[in-house]
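Morning, everyone. Please bring up the model on your screens. I'll keep this brief.

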Amino acid sequence: MRQVMRAAAAALMVAALSGCALMGGKAPKNLITLSATAPSPGPIARSGNAAETVTVEDPIVAKEIRTTRVAAQTGSTVIAYIKDLTLVDTPDKLMKNLIAETILRTTNRVVLDPKQSSLDPGLLVSGRLTDFGYEGGQGTVLVRYDAALSTAGGTRVETRRFEARAPANGTAATVGPALNQAANEVAGQVAQWVGNGR
């Protein structure tokens with residue numbers, strides 16, 4: 001009887017494992033992320049006085065780009081998605097991480113995650129990511145970020161629009177690298193805006 005029960009348990013375990021494998025589905029053909037192109041300074045150890053740190057928040061994003069699929073504007077009111085191209089995370093998360101890393105690499109600022117902002121929020125970089133995808137009629141990708149830079153306590157606020165385009169032909173092979181290029185241009189512009197002396 002025990003042997004029968006063991007055999008049944010083993011069969012159930014194999015079935016469960018097989019089910020897990022099937023539930024995973026096919027892996028995306030092209031899974032992309034954003035990686036900083038600014039030169040890495042190597043190991044970093046920094047300190048800053050109160051209000052000298054920088055905290056980068058997730059930007060607000062429109063519904064059509066709040067997805068791991070890459071949007072393609074095929075008309076004035078028509079949105080499609082690039083075939084076989086998937087982001088590792090949503091554009092707001094990817095852009096926040098890229099902007100923070102670029103500021104870290106290109107300025108002398110102490111950069112904090114929003115979860116650490118209770119230590120010293122300092123300058124707060126926030127904003128709205130209005131475009132992150134392919135422009136079908138232009139043959140380019142567009143990354144557009146309406147940023148806000150505010151001091152702790154909101155005593156001063158600045159806003160500025162940053163955007164960059166890069167050529168692509170609408171295929172996964174070209175749109176992915178073009179998005180990384182344009183996103184890095186925007187992140188570089190934001191980092192320069194934040195600057196060393198603000």
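I'll take a helix pair, then a pocket.

This is a predicted model, where local features need pLDDT of at least 70, side-chain atom pairs count only at pLDDT 80 or more, and totals for chains, interfaces and linings use all residues. Residues are numbered from 1 along each chain as its sequence is written, and side-chain values use heavy atoms, without hydrogens or water.

Start with helix α2, residues 91-106, and helix α3, residues 172-194. They pack at about 50°, axes 9 Å apart. α2 passes α3 in a right-handed crossing, meaning the near helix is turned clockwise from the far one by less than a right angle.

Who touches whom? Contact means heavy atoms within 4.5 Å. From α2, the contact residues include Met95, Leu98 and Ile99. From α3, they include Ala183, Val186 and Val190.

Now the largest pocket. How many residues line it? There are 13, and Ala71, Gln73, Ile79, Asp131 and Phe132 lie nearest its centre. β7, residues 123-135, gives the largest share, 6 residues. This lining divides into 7 nonpolar, 3 polar and 3 charged.

How values were computed: Axes are lines fitted to C-alpha atoms, for helices over the stretch in contact, and angles run from 0 to 180 degrees between N-to-C directions. Helices (H or I, at least four residues) and strands (E, at least two) are DSSP runs, numbered from the N terminus. On a 1 Å grid over the protein atoms alone, a cavity is a set of points where a 1.4 Å probe fits but cannot get out, and a pocket is an open set with protein on both sides within 12 Å along at least five of seven lines; lining residues have an atom within 4 Å of a point. Ala, Val, Leu, Ile, Met, Phe, Trp, Tyr, Cys and Pro count as nonpolar, Asp, Glu, Lys and Arg as charged, and the others, Gly among them, as polar.
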